[in-house]
Amino acid sequence: MITYRFLKNPQTISLNKIQFFKKEEDLVKYIEKNNLDLVKRTNSIEFEIIKNLVDLIKAYLSGKKLSLYQNIKDLGIDISIEKKFPTPFSQKVIKYLINNVNYGEITTYSDIGKKINTRAYRAIGNVMKNNPIPLIIPCHRVIRKNGTLGGFMGETDDNWQKNIKLDLLKIEGITQNQLKTSF
DNA sequence: CTACGCTCAGATA
DNA sequence: TATCTGAGCGTAG
């Protein structure tokens, strides 16, 4: 699910979150709890932008080699990195990730630490954990130094969320032998 | 200040 | 190999 706000001046959308749900039931609950407005707005600028965004994500998921981050910026969609990552440390991590880890590449928490000159590997993981827009900010491309996957969307145990991380890497052409185990 | 975490290297069996 | 332990450090409360 993608949540956003529609901005009036200039007319564009501000991306809020991208979330995954294990069951449809969980999605419905989330919508009710947060009182989300699901009305379709055809024939509007808003609809056009959203359609472009969804088309982009679908293209990416079907294997088209494109930088979601760059393409989405080109659509004029507001991502507000600085608001989503308010601290200097988290901005360093995310900016490194965006600017240096391209489609089909993987890196490790340890590598990022070396590049930004810190040993706070777990803290780097915590930044990723707080990434509200996975896929677009490609934290799925960051794995552990020993070749195992590491966590994804707040989870470190073997579960559906790590499978999503693995699926995304497979889509980008990462092969099993670039990872240590089947996980 | 305390507690926690998408980590890591080293030790142990 | 698998599991445990402490170091390490940014962040939220």
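Which residues surround DNA strand C? In this predicted model, they are T87, F89, S90, R119, A120, R122, A123, N126 and K180.

**View 1. Protein surface near DNA strand C.** By class, the residues of this surface split into 3 nonpolar, 3 polar and 3 charged. Helix 5 and helix 7 are the elements that each give two or more residues to the surface. Helix 7 has the largest share, with 3 residues. Of the atoms of DNA strand C that come within 4 Å of the protein, 74% belong to sugar and phosphate.

View 2. For S90, a backbone N or O atom is involved, and its distance to a phosphate oxygen of DNA strand C is 3.3 Å.

**View 3. The largest nonpolar core.** This core has 40 residues, among which L68, M128 and I136 touch the most other members. At least two residues each are supplied by strand 2 (12-18) and by several helices, including helix 3 (68-74), helix 6 (109-115) and helix 8 (160-171). Helix 2 gives the most, 7 residues. The core lies between domain 1 (2-74) and domain 2 (81-178), because both give residues to it.

**View 4. Surroundings of M128.** With neighbours within four places in sequence left aside, M128 is in contact with V93, L97, Y109, I112, C139 and V142.

Conventions. Residues numbered from 1 in each chain as written. Chains lettered and ligands numbered in written order. Predicted model: local features only at pLDDT ≥ 70, side-chain atom pairs only at ≥ 80, totals over all residues. Heavy atoms only, no water. Core = buried A, V, L, I, M, F, W, Y, C linked by side-chain atoms within 4.5 Å. Buried < 20%, exposed > 50% of the residue type's maximum accessible area, 1.4 Å probe, protein only. Helix = DSSP H or I, 4+ residues; strand = E, 2+ residues; numbered from the N terminus. Domains from an automatic or database assignment. Contact = heavy atoms within 4.5 Å. Near = heavy atom within 4 Å. Polar contact = N/O pair within 3.5 Å; in protein donor to acceptor, adjacent residues only side chain to side chain. Nonpolar A, V, L, I, M, F, W, Y, C, P; charged D, E, K, R; others polar.
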